[in-house]
Amino acid sequence: MTLTTDRRRHDREILALAVPAFGALVAEPLFLMADSAIVGHLGTAQLAGVGVASAALTTATGVFVFLAYATTAAVARRIGAGDRRAAIQQGIDGIWLALALSAGVVALTLLLAPQVADALGASPTAAPYAVTYLRISALGIPAILMVMAATGVLRGLQDTRTPLYVAVAGFAANLGLNAGLVYGAGLGVAGSAWGTVIAQTGMAAVYVFVVVRGARREQASLRPDAAGIRASARAGGPLMVRTLSLRAVLMIATAVAAGLGDDEIAAHQIAMTVFLFIAFALDAIAIAGQAIIGRYLGAGDVPGTRAATRRMIEWGIGSGVLLGLLVVVARPLYVPLFTPDPAVQHQLNTVLLLLALCQPVSGLVYVLDGVLMGAGDGPFLAWAMLGTLVVFAPAALAVPASGAGLAGLWWAMNLFMLVRGGFLAWRARGGRWLVTGAVRS
């Protein structure tokens, strides 16, 4: 096989997985955007309440994203080893783990909703709406976690199209239900929460149907297996540490920006919106990496793993360069859409240049993160993110005293990406992550 043919084969694999994955990733935040758009017409207090509740729910469920990541890697390994029945069984164990975890999260959310709203700074007028939205939305948490795990199953099976279709259908259902229940039925904020819960439950039901159908076809057991669930939890634990460390970075950055002034926090929040949207594009390649690398290692193909990794790195860095250029060139078009304030625009234009500067590194980081996840190298990813947090935190916290302003904070954000990239590149150059076989021992 020639080098050109090999590259084209990898390109087809990456695009076939990454493009639908990007669509599904973009569809997910549209749930909250739809809720905000519809509730915003009820009043400022209602919108503020839903905003607080959404932040709490995103945090409470986001820490369990390992249900998707760990399941993708484990299922892909089994597929690479040629054991589809065991792959689906592994995925079913992940779904049972999601159900078990959701029980505790639901109970805590129902019990502590008023305290959570207060801790997140909800005003006396917004707090009742936040509590209402939180307590109703808590009923959808099992569906959210099941969707994460089931998405991981399908990605591991090299299928990112079904998650895209389900995400788009779920968004459409959510939009219709919210409009009907909020205005048609006159339920207000409660109607928005119920609409989202129903849509999320419907999505989970579709995923369960798809997985159960696959299990029956392969004669895999649907009953919970204690050993399998424990194995899923062990694989996911380090990734949870990684996710919590990443969220700590974002929280520190937001807290520092808030202390710099109103113009600075406004510009920072807009820049973070751009940052996170770019992350969706780069994360789509990472998701492809999880599925592809897991499959190659399951098949015992180390040369294929290395070749696929090199090609995905090229894709990641190239995408980062293009996205960085787009951020800079398109500033006159999108900055005024976010804010008409000249002071905020001035801050934002500087920050966006710094953000764009680091996108090639970001492309490398996201790809290698996905590659090592696909390899099941969770413990290293946890330590690497903790180490990066140790470097970032003092650099960011020193910004107010240094007088470097918001630009200084975003230099610290770039330092975060550089250090993270250094850790991941060092690991990828070595061979300790290249553990082959149907199960990573």
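Some ground rules. Because the model is predicted, local features need pLDDT of at least 70 and side-chain atom pairs count only at pLDDT 80 or more, while totals for chains, interfaces and linings use all residues. Residues are numbered from 1 along each chain as its sequence is written, and side-chain values use heavy atoms, with hydrogens and water left out.

Start with the whole chain. It has 17 helices and zero strands. Both are DSSP runs numbered from the N terminus: helices are H or I with at least four residues, strands are E with at least two. The C-alpha atoms fill a box of roughly 60 × 50 × 35 Å along the principal axes. Of the 441 residues, 51% count as buried. Buried means under 20% relative accessible area, exposed means over 50%, and partly exposed is in between (1.4 Å probe, protein chains only).

Now helix H3, residues 66-80. Its 15 residues reach 21 Å from first C-alpha to last, close to the 21 Å expected at 1.5 Å a residue. That expected span is 1.5 Å times one less than the number of residues. In H3, 13 of the 15 residues are buried, so the helix is largely enclosed by the rest of the structure. After H3 comes glycine 82, with a positive phi near 85°.

H3 takes us to the second largest pocket. A pocket is an open set of points on a 1 Å grid over the protein atoms alone, where a 1.4 Å probe fits, with protein on both sides within 12 Å along at least five of seven lines; lining residues have an atom within 4 Å of a point. Which residues lie nearest the centre of this pocket? They are Ala74, Gln90, Ala231, Ala235 and Arg440, out of 35 lining residues. H3 gives the most to the lining, with nine residues. H3, helix H4 (84-119), helix H9 (226-260) and helix H15 (378-397) each supply at least two.

Last, two glutamines. Glutamine 158 has a positive phi near 70°, and it is not a glycine. It sits in the loop between helix H6 (141-156) and helix H7 (161-184). Glutamine 219 also has a positive phi, about 60°. Its loop runs between helix H8 (188-218) and H9. Buried or exposed? Glutamine 219 is exposed, at 65% relative accessible area. Glutamine 158 is partly exposed, at 22%.
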